Amino acid sequence: MSAQTFTVNERVLCYHGPLIYEAKVLKTDVWDESNTQSGVVGPHYYVHYKGWKQTWDEWVDASRLLKFNETNIALQKALQSQSQAAHAASASSSKAAKAQSAKDGPGVGSRGALGGRKDGARGTKRGREEDEGTRKPEMKLNVPEMLKVLLVDDWEAVTKNNQLVGLPRKPSVTELLEEFKQHVLEQATSTHLKDPKILLPTIIAGLQTYFDRALGANLLYRFERPQYAEIRKKFVTGPTVQVGQEKEMSAIYGAEHFLRMLVSLPQMVASSSMDGESVGLLREYVNELLQWMVKEKDRIFVPEYESASIAYQNISRS
């Protein structure tokens, strides 16, 4: 939990699901075991989201709040830009997704967590208010401050500076996950994680599969799409690729894009059928993975992005 404190009438930024919104602190209180409404004890803040009706005001703990400063505003914009890029990428298939959703019920295609308001807020809140009985388990990740900074730097490099992550990456997402797996198993006797020998292979495989499926649809900024198309042609669909020798994107991309996926997991969980116990297990393992990524950051994140050529920039804007 954040060690920062906030005061009445303070202008703040507040996490709601995977995104961040401007808010104002209206009241403060300290909850203990006798009066906690959420199971969390300690300082709590009653916030009003800017531009939202008062019926959406709510109590949040300190881990949901950020100081209103340039760094956190940049993080807010990075997360919103990533979400908008995901929706723009899937717009062309929205009709098909809706038709399939009508047949199969709520699923990934419906993206219910981001419906409604332009910024995605109203759909999330309204969905919870309309039917508390079907409320989905929430997945709250503790994203370390260092990784938040890297996420902002990543957003600025691509969307503001016309730069790209050089590909293929070393280590790749596949290699990162294998290294994390070995790290956890080596610490098996001292780790707080539940049944790592049994659960870890399934969780690792699930994260890799989700990355491969989510990258093209949800994780790329518009500026990166021509690069993605070239990578697909080189390693998957091109005439020089031998049948059976195709590579998944998790073997090409690295920590930069993987971090984008990890911070989007709460959104994925909100639109899934995962039960509370499964969400809890995934949360614990992903939080451990994020801490491991901080320790390995100098090795697994690229030190400098590559400047795109003028020709590439022209293609990306066409």
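At 53% relative accessibility, Asn9 counts as exposed, the scale for relative accessible area being buried under 20%, exposed over 50% and partly exposed in between, with a 1.4 Å probe and protein chains only. Asn9 belongs to the segment before strand E1 (11-16), where strands (E, at least two residues) and helices (H or I, at least four) are DSSP runs numbered from the N terminus. The phi angle of Asn9 is near 75°, a positive value in a residue other than glycine. Asp195, in the loop between H5 and H6, also has a positive phi in a residue other than glycine, here near 45°; its relative accessible area of 40% makes Asp195 partly exposed.

The model is a predicted one, in which local features need pLDDT of at least 70 and side-chain atom pairs count only at pLDDT 80 or more, while totals for chains, interfaces and linings use all residues. Residues are numbered from 1 along each chain as its sequence is written, and side-chain values use heavy atoms, with hydrogens and water left out.

## Overall make-up

The protein contains 11 helices and 7 strands, and buried residues account for 44% of its 318 residues. When contacts (heavy atoms within 4.5 Å) are counted between residues at least 6 apart in sequence, 71% of them join residues at least 24 apart.

A pair of residues that are separated along the chain is Thr71 and Lys148, 77 residues apart in sequence, with C-alpha atoms 9.2 Å from each other. Thr71 is placed in helix H1, which runs over residues 70-90, and with a relative accessible area of 47% Thr71 is partly exposed.

## H8 against H9

Helix H8 (residues 255-270) packs on helix H9 (residues 276-295) at an angle of about 155°, and their axes are 12 Å apart; such axes are lines fitted to C-alpha atoms, for helices over the stretch in contact, and the angles run from 0 to 180 degrees between N-to-C directions. H8 is therefore roughly antiparallel to H9, a description used over 145 degrees, whereas under 35 counts as roughly parallel, 65 to 115 as roughly perpendicular and the rest as oblique. H8 contributes Ala255, Phe258, Leu259, Leu262, Leu265 and Val269 to the contact, and H9 contributes Val279, Leu282, Val286, Leu289, Leu290 and Met293. By class, the contact residues of H8 with H9 are 12 nonpolar, no polar and no charged, where Ala, Val, Leu, Ile, Met, Phe, Trp, Tyr, Cys and Pro count as nonpolar, Asp, Glu, Lys and Arg as charged, and the others, Gly among them, as polar.

Leu262, which lies in H8, is buried with a relative accessible area of 0%. Apart from its neighbours within four places in sequence, Leu262 is in contact with Leu141, Val286, Leu289, Leu290 and Met293. Leu262 is also 8.7 Å from Leu207, C-alpha to C-alpha, at a sequence separation of 55 residues.

## H9 and what covers it

The 20 residues of H9 should span 28 Å at 1.5 Å a residue, and the 29 Å between its end C-alpha atoms agrees with this, the expected span being 1.5 Å times one less than the number of residues. The buried residues of H9 are Val279, Gly280, Leu282, Tyr285, Val286, Asn287, Leu289, Leu290, Trp292 and Met293. Their cover includes helix H4 (145-159), helix H5 (173-186), helix H6 (196-219), H8 and helix H10 (297-300).

## H7 against H11

Helix H7 (residues 225-237) and helix H11 (residues 310-317) have axes that come within 8 Å and cross at roughly 100°, so that H7 is roughly perpendicular to H11. On the H7 side the meeting residues are Arg225, Pro226 and Gln227, and on the H11 side they are Tyr312, Ile315 and Ser316. This contact of H7 with H11 divides into 3 nonpolar, 2 polar and 1 charged residues, while the contact of H8 with H9 has no polar and no charged residues.
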